[in-house]
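Here's a quick tour for anyone meeting this structure for the first time. Have a look at it, then read on.

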Amino acid sequence: MKYYIIAGEASGDLHGSNLMKSLYKEDADAEIRFWGGDLMKSVGGTLVSHYKERAFMGFLEVLLNLRKVMVFIKFCKKDIEVFNPDVIIFIDNSGFNLRIAKWAKENNFRTNYYISPQVWASRASRVKAIKRDIDKMFVILPFEKALYKKFDYDVVFVGHPLIDGIADRKQTDIHQFKKEYQLTDKPIIALLPGSRKQEITKMLLVMLSLIEDFADYQFVIAGAPSQDFSFYKNIIGHRKVSFINNKTYDLLSVSYAALVASGTATLETALFKVPQVVCYKGGNVSYQIAKRIITLKYISLVNLIMDKEVVKELIQHDFNSRNLKKELTKILDQTHRQKLFLDYFELEQKLGGKGASQKVAKQVVAQLK
């Protein structure tokens with residue numbers, strides 16, 4: 001069978017690569033064409049467009065690049081027509097994917113969606129379009145199934161794919177890791193400032209401002225695979241901080257605490273049982289727009305899933321050196337850490353067991369037989 005997969009961002013590339021591996025197991029003769037990244041490319045198939053080409057963050061950034069976005073949409077539709085897949089699988093990336101899905105359904109293509117748009121965060125009215133345009137929706141967060149049920153739309157909860165990615169990885173040798181990257185024996189505070197240039201620029205400087213206040217620890221930046229070191233170097237300057245590119249899981253597995261940009265990384269950090277402070281600072285225009293349409297109590301997946309404040313969130317103007325220092329001090333305290341570890345354990349139970357990608361692949365292939 002022929003599969004057309006559309007993913008955006010590093011997380012979509014990761015989940016897309018695992019889905020592709022499972023698809024090849026279910027359908028050895030699968031022909032896969034995709035929009036994604038290096039991880040998906042390493043599995044096989046044909047890469048059409050790399051997510052780095054479409055990494056626009058926030059409402060304002062998308063508006064400023066609207067012409068580019070429309071060119072990508074037009075090209076994607078044409079490419080799908082030529083390839084003529086048996087099924088199109090959308091992964092997250094709702095701004096782009098829902099536009100393609102509407103067109104695809106109108107043109108009688110089978111449509112599946114893996115990792116739902118965040119209709120629980122804003123614009124729940126989009127469910128009407130999703131019901132119309134998506135034949136099968138696979139969700140990864142436990143509360144999503146109940147939300148869709150309110151709209152009389154039956155979706156499939158498959159568990160969270162991060163469980164697989166973390167459980168299946170090879171154990172990191174902490175001594176070897178520190179030796180390889182010339183780290184000291186001091187406990188590690190990991191800095192995860194995001195993957196896009198806009199968010200890294202806004203958040204990394206504030207994170208780095210704490211170095212001198214925590215001399216008993218070593219700070220290590222988790223570099224995103226989508227950015228070169230030269231970009232980080234301009235922000236780091238002469239500060240005493242280590243940099244490790246594209247090894248976030250290895251870094252988290254040996255870290256004592258972390259400062260993390262809001263997004264999938266907050267959940268990854270929790271699954272590695274690392275105490276964290278969640279950080280977010282966007283462009284002012286984008287933030288003001290988001291504040292008016294997003295009605296959530298929390299922004300981090302950890303707190304959303306647990307429906308309470310497990311990890312502290314410092315958002316926009318609250319994200320500053322003074323507040324960050326205060327919250328980092330808290331998560332280094334043993335009493336606070338013990339409570340956090342108990343919450344992390346409960347979080348993992350809520351996310352379901354292993355095998356999300358395999359469950360999706362089995363159902364996708366079964367539809368086509």
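## Before we start

Keep in mind that this is a predicted model.

## How α4 and α5 pack

Two packed helices are described by the angle between their axes and the distance between the axes. Let's start with helix α4, residues 66-83, and helix α5, residues 94-106: their axes sit 11 Å apart, at an angle of about 40°. That angle makes α4 oblique to α5. The crossing of α4 past α5 is right-handed.

Which residues of α4 and α5 meet? On the α4 side you'll find Val69, Phe72, Ile73, Cys76, Lys77, Ile80 and Glu81, and on the α5 side Phe96, Arg99, Ile100 and Trp103. Sorted by class, this contact of α4 with α5 has eight nonpolar residues and three charged ones, with no polar residues.

## How α1 meets α18

Now jump to helix α1, residues 9-26, and helix α18, residues 356-368. Their axes come within 8 Å and cross at roughly 50°, so α1 and α18 are oblique to each other. Here too there's a handedness to note: α1 passes α18 in a right-handed crossing.

From α1, the contact draws on His15, Asn18, Leu19, Ser22, Leu23 and Glu26. From α18 come Ser357, Gln358, Val360, Ala361, Lys362, Val364 and Val365. How do the residues of the contact of α1 with α18 divide? There are six nonpolar, five polar and two charged.

## Rings that pair up

A pair of aromatic rings is described by the distance of the centres and the angle of the planes. With centres within 6.5 Å as the cut-off, the count comes to 13 aromatic pairs. One of them is Tyr4 with Phe83: the ring centres are 6.0 Å apart and the planes are at 50°, so this pair is tilted. The pair ties together distant parts of the chain, since Tyr4 is in strand β1 (residues 2-7) and Phe83 is in helix α4, 79 residues apart. Tyr4 is buried, with a relative accessible area of 0%, and Phe83 is buried too, at 9%.

Another pair is Phe177 with Tyr181. Their ring centres are 5.0 Å apart and their planes are at 55°, so that pair is tilted. Phe177 is buried, at 4% relative accessible area, whereas Tyr181 counts as partly exposed at 24%. Ring pairs also link Trp35, Phe72, Phe75 and Phe96 into a cluster.

Buried or exposed: which is Val87? Val87 is buried, with a relative accessible area of 1%, and lies in strand β4 (residues 87-91). Leaving out residues up to four places away in sequence, Val87 touches Lys2, Tyr3, Tyr4, Arg110, Asn112, Val364 and Leu368. For a sense of distance, Val87 and Leu271 are 184 residues apart in sequence and 32 Å apart in space, C-alpha to C-alpha.

Asp13 belongs to helix α1. At 3% relative accessibility, Asp13 counts as buried. Again not counting residues up to four places away in sequence, Asp13 touches Ala7, Gly36, Gly37, Asp38, Leu39, Met40 and Tyr51. Phe319 is 306 residues from Asp13 along the chain, and their C-alpha atoms are separated by 29 Å.

Methods
Residues numbered from 1 in each chain as written. Predicted model: local features only at pLDDT ≥ 70, side-chain atom pairs only at ≥ 80, totals over all residues. Heavy atoms only, no water. Axes fitted to C-alpha atoms, helices over the stretch in contact; angles between N-to-C directions. Helix = DSSP H or I, 4+ residues; strand = E, 2+ residues; numbered from the N terminus. Parallel < 35°, antiparallel > 145°, perpendicular 65-115°, else oblique. Left-handed = near helix turned anticlockwise from the far one by under 90°. Contact = heavy atoms within 4.5 Å. Nonpolar A, V, L, I, M, F, W, Y, C, P; charged D, E, K, R; others polar. Phe/Tyr/Trp six-rings, centres within 6.5 Å; stacked < 30°, edge-to-face > 60°. Buried < 20%, exposed > 50% of the residue type's maximum accessible area, 1.4 Å probe, protein only.
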